[in-house]
Amino acid sequence: MAFVLDPTIVAGLRGDATSRRRAVERLYAAFAGRLRRYFLHRRATPAEAEDFMQETFVRILRSAGEFRGEGAQFAAWIWTIARNVAADHFRQQRTMVPIEEAHDMPGGASPEELAVNRSDAERLA
C-alpha cells in the first residue's frame, strides 16, 4: 500500500504557529517510524537514528516555506532531506589521511607495483 501524505500537512507547515504545531505533530506521526527504520538500515546506532530524525525534522521546518509542490513530491523531499542528513553525518565520520602518510597504509600494491604488474601481464599476453 502506497503512503499518501495529507496535503493539509504541507499547508499547515506554512501557516500560523497553531497550524504549524498541528502539522508537525501529524508529520511526526506519519514519518518518525519510517525515518527511524531508514536510518537504522543505513547503519546508524539507535541513538544516532534519533538524532538524525530530529535533524531531519529541524531541516524540514526551516525550509518548509521554500518547498514548491504537493503530496508525493513533499514526501520525496522529506526522504531527500533524510538521505542528506545521513550522508552529512557519515561523510564527517570518514577518516582522512594526509597524502604524505597514505603510502604507509596497508591496502595492497603501490601504484608503481600495479604498473609493473600490468606491464608484465601485457607482455605475457
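Ile-60 is buried, because its relative accessibility is 0%; buried means under 20% relative accessible area, exposed over 50%, and partly exposed in between, with a 1.4 Å probe and protein chains only. The model is predicted: local features need pLDDT of at least 70, side-chain atom pairs count only at pLDDT 80 or more, and totals for chains, interfaces and linings use all residues. Residues are numbered from 1 along each chain as its sequence is written, and side-chain values use heavy atoms, with hydrogens and water left out.

Ile-60 sits in helix H3, which spans residues 46-63. Helices (H or I, at least four residues) and strands (E, at least two) are DSSP runs, numbered from the N terminus. Beyond its neighbours within four places in sequence, Ile-60 contacts Leu-13, Leu-27, Phe-74, Trp-77, Ile-78 and Ile-81. Contact means heavy atoms within 4.5 Å. Leu-13 is 47 residues from Ile-60 in sequence. The C-alpha atoms of Ile-60 and Leu-13 are 9.2 Å apart.

The chain holds six helices and zero strands. Read from the N terminus, its elements run α-α-α-α-α-α. Of its 125 residues, 26% are buried. Among contacts with a separation of 6 or more, 57% join residues 24 or more positions apart. The accessible surface of the chain is about 8900 Å². Carbon and sulfur atoms contribute 55% of that surface. Areas come from the Shrake-Rupley method with a 1.4 Å probe; for residues, only the protein chains shown count as cover.

Helix H2 covers residues 17-41. The axes of H2 and H3 come within 9 Å and cross at roughly 140°. Axes are lines fitted to C-alpha atoms, for helices over the stretch in contact, and angles run from 0 to 180 degrees between N-to-C directions. H2 and H3 are therefore oblique to each other. Angles under 35 degrees count as roughly parallel, over 145 as roughly antiparallel, 65 to 115 as roughly perpendicular, and the rest as oblique. The crossing of H2 past H3 is right-handed. A crossing is right-handed if the near helix is turned clockwise from the far one by less than a right angle, and left-handed if anticlockwise.

On the H2 side, the residues that meet H3 include Leu-27, Phe-31, Leu-35 and Phe-39. On the H3 side, they include Met-53, Phe-57, Ile-60 and Leu-61. By class, the contact of H2 with H3 has 15 nonpolar, one polar and three charged residues. Ala, Val, Leu, Ile, Met, Phe, Trp, Tyr, Cys and Pro count as nonpolar, Asp, Glu, Lys and Arg as charged, and the others, Gly among them, as polar.

Phe-31 belongs to helix H2. Phe-31 is buried because its relative accessible area is 1%. Phe-31 and Met-53 are 22 residues apart in sequence. Their C-alpha atoms are 9.2 Å apart in space.

The loop between H2 and H3 contains Arg-43. Arg-43 is not a glycine, yet it has a positive phi of about 80°. At 67% relative accessibility, Arg-43 is exposed. Glu-48 touches Arg-43 and His-89, with residues up to four places away in sequence not counted. Glu-48 is placed in helix H3. Its relative accessibility is 21%, so Glu-48 counts as partly exposed. Glu-48 and His-89 are 41 residues apart in sequence. From C-alpha to C-alpha, Glu-48 and His-89 are 9.3 Å apart.
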